[in-house]
Amino acid sequence: MKAKIYDYVIVGAGSAGCVLANRLSEEAAAQVLLIEAGGAATGFFKDMPIAFPRYVLRRDLNWNFVSEPEPYLDGRQIEVPRGKALGGSTAINGMVYARGHRNDYDDWARAGLAGWGYADVLPYFKRSENSWLGEGTYHGASGPLQVCAIPLDMMYTELRAASIAAGYPATHDCHGEQTEGAQRGEMTVSGGRRGNVARVFLAPAMGRPNLTVVTKAHATRVLFEGTRAVGVEYLQHGQTRSAATAREVILAGGSYGSPSMLLHSGVGSAAELQRLGIQPRLDLPGVGRNLVEHPFLFLGWRAHTDAFVCQLRADRAAVSVLRWALAGTGPFATNGAAGNIFIRTLTELDRPDMQFTCIAAAMSARDVWFPLIGKRPEHVIGVGVSMIRQDSRGVVSLRSSDPRDPPRIVFNLFKERSDLERMIRGIRAARRIYAQEPLQRFVGQELVPGAQLQSDAELEKFVLQVGAITQHPVGTCKMGIDSDATAVVDADLKVRGIECLRVIDASVMPNVPGGNTNAPAIMIAEKGADIIRGRRLPAAVLHR
């Protein structure tokens, strides 16, 4: 039997891949193949928002990557959770919706990437979104991705007042006119269920006869005829298989998977490939470079209230599970984050450089407990401090010529002194907010890092001991213009020097947006699908 030839072969069923599969298969004449290394997420609680801390490290849904010893963190290694399932990391993430600042995208356009300014990408954010704020200049209300607000009783009212008392603004919509300050938490949850892109984008397209989805299939390399991509090789059930394309191969494996796939295919630094015994096909030194991640750490206080912990008492938790399962409501239908605060740690900055994700109950206080026979967990109120502007850059490279080996990941966190100073300013700003009277009725003793740590030297040591990542990797197949020697793809997301091969995922971002990266990855896929099909939404008309 003659092997089937597809119009599009997509590698990776994550935030970008599921969107691409949906949009490209809208063209009934186009045969689309989606290849995913994992399978469907399983478990009764897989879609319960409050359960995400248990899922983010579930080894059967995870690539289980670990960084190399970090040279600027005294050799510490950092766990790197990435989803290995239909939906990619949306099967395990915290579901926070935050697109980043408008200037982030205007920076791309100013660097010469025509069509990637904020006015150009906003229509694609809107197309994917069904926002609780309704249809408007900055939001859509008819897209597949439901974006809802976290209930006010998760401590947001007090958080907003404390931010204002500390001298920071507040905003109804950080994606609108006022892009700075405290905002009510938004999450990608619909009907109380996790907004896994496999559920909201891929599942509605699965009935189309022109869409084929292959799971438990680890893509190993792109197949070529000369400089033209003609297919993909993959491993499935111990067998080496291949899929051919008449039009394009699209890599959507994310900031670790896509550069690894290119390198195993001979596209990357020729000298590095030769050292590993891989025959270079194209010397493209930017592949795997420019890894950007938001550095992260947690601050925590003993709570004066045990309101949320009481919800985790076994009998009450059972009721909450039933509320969630039957109606999609109650405390277990949230991710536990009251809101986000976007601030500038220096007044001269043109946009926020810190994002505080304010958590009503720390992950350590989310275990169900039994009265009389179990110990009530301590209620800890916390804030995730994400540094959303940084100067340090990392690298993704190959460990060996075997595509089954995990890549080498080096973040180089805090390589630049400016980043360390910025994070210390962020810690001080978070402390200032949580010291204000509107929050003081909830907040008790500071547990992490502890009020005894006050000097720059003490806080610097703390940062280097605990600093980690927000799980927002971008940049390893960056977009750029012809004169940029580090660019991997052009503004149409085509791999430079190769025909019929694109990268469409978070790895193409030249820099990381100042927010969470799920929404921007979906936007890139929405826009990328239109570029492939030769159409573009009109740019938004905005007034500054």
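Tutor: Let us begin with a cut-off, since this is a predicted model and its labels rest on computed values: a residue is called buried when its relative accessible area is under 20%, and exposed when that area is over 50%.

Student: Why is T245 called buried?
Tutor: The relative accessibility of T245 is 5%, and the limit for a buried residue is under 20%, so T245 counts as buried. T245 belongs to strand β14, which covers residues 239-251.

Student: What makes up the surroundings of T245, if neighbours within four places in sequence are left aside?
Tutor: With heavy atoms within 4.5 Å taken as contact, T245 touches I5, Y6, D7, Y8 and V9, and also R228, A229, V230 and G231. As for Q31, its C-alpha is 9.2 Å from that of T245, although 214 residues separate the two in sequence.

Student: What makes a group of residues a nonpolar core, and which members of the largest one touch the most others?
Tutor: Members must be buried residues of the nonpolar kinds, joined through side-chain atoms within 4.5 Å. The largest such core holds 85 residues, and I10, W116, L251, L262, V495 and L501 touch the most other members. Helix α14, residues 518-532, gives this core its largest share, nine residues. In soluble globular proteins, nonpolar side chains tend to be buried together.

Student: What is V495 in contact with, beyond its neighbours within four places in sequence?
Tutor: The contacts of V495 are L262, V267, L284, V488, V489, L501, R502 and V503.

Student: Which residues of helix α13 are buried, and what covers them?
Tutor: In helix α13, residues 456-466, the buried residues are L459, F462, V463 and L464. Their cover includes strand β17 (295-303), helix α11 (417-434) and strand β23 (443-448).

Technical notes. Residues are numbered from 1 along each chain as its sequence is written. This is a predicted model: local features need pLDDT of at least 70, side-chain atom pairs count only at pLDDT 80 or more; totals for chains, interfaces and linings use all residues. Side-chain values use heavy atoms; hydrogens and water are left out. Buried means under 20% relative accessible area, exposed over 50%, partly exposed in between (1.4 Å probe, protein chains only). Helices (H or I, at least four residues) and strands (E, at least two) are DSSP runs, numbered from the N terminus.
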